[in-house]
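Thanks for sending this one over. Here are my notes, written to be read with the structure open beside them.

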There are 2 protein chains.
Amino acid sequence: MSTDGVDLAFDEAGLLPAIAQDADTGEVLMLAHVDAEAVERTVETGDAHYYSRSRDELWRKGETSGHVQRVEEVRVDCDGDALLYLVDQAGGACHTGYRSCFHRTLDGEVVGEQVFDPDAVYG
Amino acid sequence: MSTDGVDLAFDEAGLLPAIAQDADTGEVLMLAHVDAEAVERTVETGDAHYYSRSRDELWRKGETSGHVQRVEEVRVDCDGDALLYLVDQAGGACHTGYRSCFHRTLDGEVVGEQVFDPDAVYG
């Protein structure tokens with residue numbers, strides 16, 4: 001896939017990792033994967049789209065939960081094999097109710113903020 | 001691999017993506033991959049280690065360039081299949097001389113800061 005300026009180097013499965021970062025606070029919210037269609041839909045709609053490897057389908061973030069990500073900018077890394085979405089995150093990015101999926105240290109200490117009750121959203 | 005608290009879900013190749021983020025500014029610097037040994041060495045030494053898929057070897061960031069990453073904290077995402085290194089980055093993270101590998105938009109506009117001359121470092 002080529003955009004105006006940057007060629008993307010999708011892997012053999014046609015995917016790339018994409019990081020979502022809060023455009024205001026800089027908090028890293030999640031990492032997911034995208035295929036070419038997800039990138040196109042993200043650019044076209046301004047809503048973050050990903051590719052769900054477990055469900056094998058295009059996925060608009062927040063479709064179920066309402067916790068959409070409005071994408072202010074998409075950045076590409078030097079090798080064209082990773083993306084960075086700078087987003088305005090509604091609610092929380094994590095299905096566990098935390099603002100960020102990266103809410104634990106490697107030792108298991110919880111350092112992030114829980115911002116919604118997942119049972120109320122997904123239950 | 002299990003640490004004290006969090007089980008890591010390495011993929012079939014024994015790898016996980018790891019994001020390096022500047023611990024002070026919040027800038028996302030790079031995305032690379034780690035195997036279990038890279039995580040262990042990172043925790044033991046406090047220097048960011050990755051696994052180079054192209055060279056098929058453990059890789060201490062900055063070994064050639066001197067642009068090491070001191071790791072202040074390692075975070076794990078909700079599924080245990082991605083890591084976030086919060087780092088103190090010496091020099092620049094990107095081999096092209098930019099502070100961050102994510103120094104371009106999808107349209108090819110350069111938005112990042114070049115902090116060193118790659119020819120002088122790697123030449």
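The points below go from the model and its symmetry to the interface, and then to a few local spots.

1. **Ground rules.** This is a predicted model, in which local features need pLDDT of at least 70 and side-chain atom pairs count only at pLDDT 80 or more, while totals for chains, interfaces and linings use all residues. Residues are numbered from 1 along each chain as its sequence is written, chains are lettered from A in the order in which they are written, and side-chain values use heavy atoms, with hydrogens and water left out.

2. **Symmetry.** Chain A superposes on chain B by a rotation of 180° with 0.0 Å of shift along the axis, at an RMSD of 0.0 Å. The two copies are thus related as by a two-fold rotation axis. The superposition is by least squares on the C-alpha atoms of residues with pLDDT of at least 70 in both copies. In chain A, the residue that comes closest to the rotation axis is A:Gly26, with its C-alpha at 2.6 Å.

3. **How the copies meet.** Taking contact as heavy atoms within 4.5 Å, 38 residues of chain A touch 38 residues of chain B. The copies meet through the same surface, because 100% of the interface residues of chain A are also interface residues in chain B.

4. **Interface area.** Between them, chain A and chain B bury about 3,000 Å², with 68% of it on carbon and sulfur atoms. Buried area here is the accessible area (1.4 Å probe) that the two parts lose on being put together, summed over both. Three residues, A:Phe102, A:Arg104 and A:Leu106, supply 27% of what chain A buries against chain B, more than any other three.

5. **Elements at the interface.** Helices (H or I, at least four residues) and strands (E, at least two) are DSSP runs, numbered from the N terminus. In chain A, β1 (16–22), β2, α1, β5, β6 and β7 (104–105) each give two or more residues to the side that touches chain B. Strand β5(A) gives the most, with four residues.

6. **Helix α1 of chain A.** Along residues 36–45, A:Ala38, A:Val39 and A:Thr42 are buried, meaning under 20% relative accessible area, with exposed over 50% and partly exposed in between (1.4 Å probe, protein chains only). These buried residues fall within an arc of 100° seen down the axis, so they line one face of the helix. Just after α1(A), A:Gly46 takes a positive phi of about 80°.

7. **B:Asp22.** This residue sits in strand β1 of chain B and counts as buried at 6% relative accessibility. Its side chain has a polar atom 2.8 Å from the backbone nitrogen of B:Asp24, and reaches the backbone nitrogen of B:Thr25 at 2.9 Å.

8. **A:Asp56.** Phi of A:Asp56 is near 55°, a positive value in a residue other than glycine. A:Asp56 lies in the loop between β3 and β4 of chain A and is exposed, at 54% relative accessible area.

Note on methods. The arc is that of the directions from the helix axis to the C-beta atoms. A polar contact is a pair of N or O atoms within 3.5 Å; within protein, one must be able to donate a hydrogen and the other to accept it, and residues adjacent in sequence count only if both atoms are side-chain atoms.
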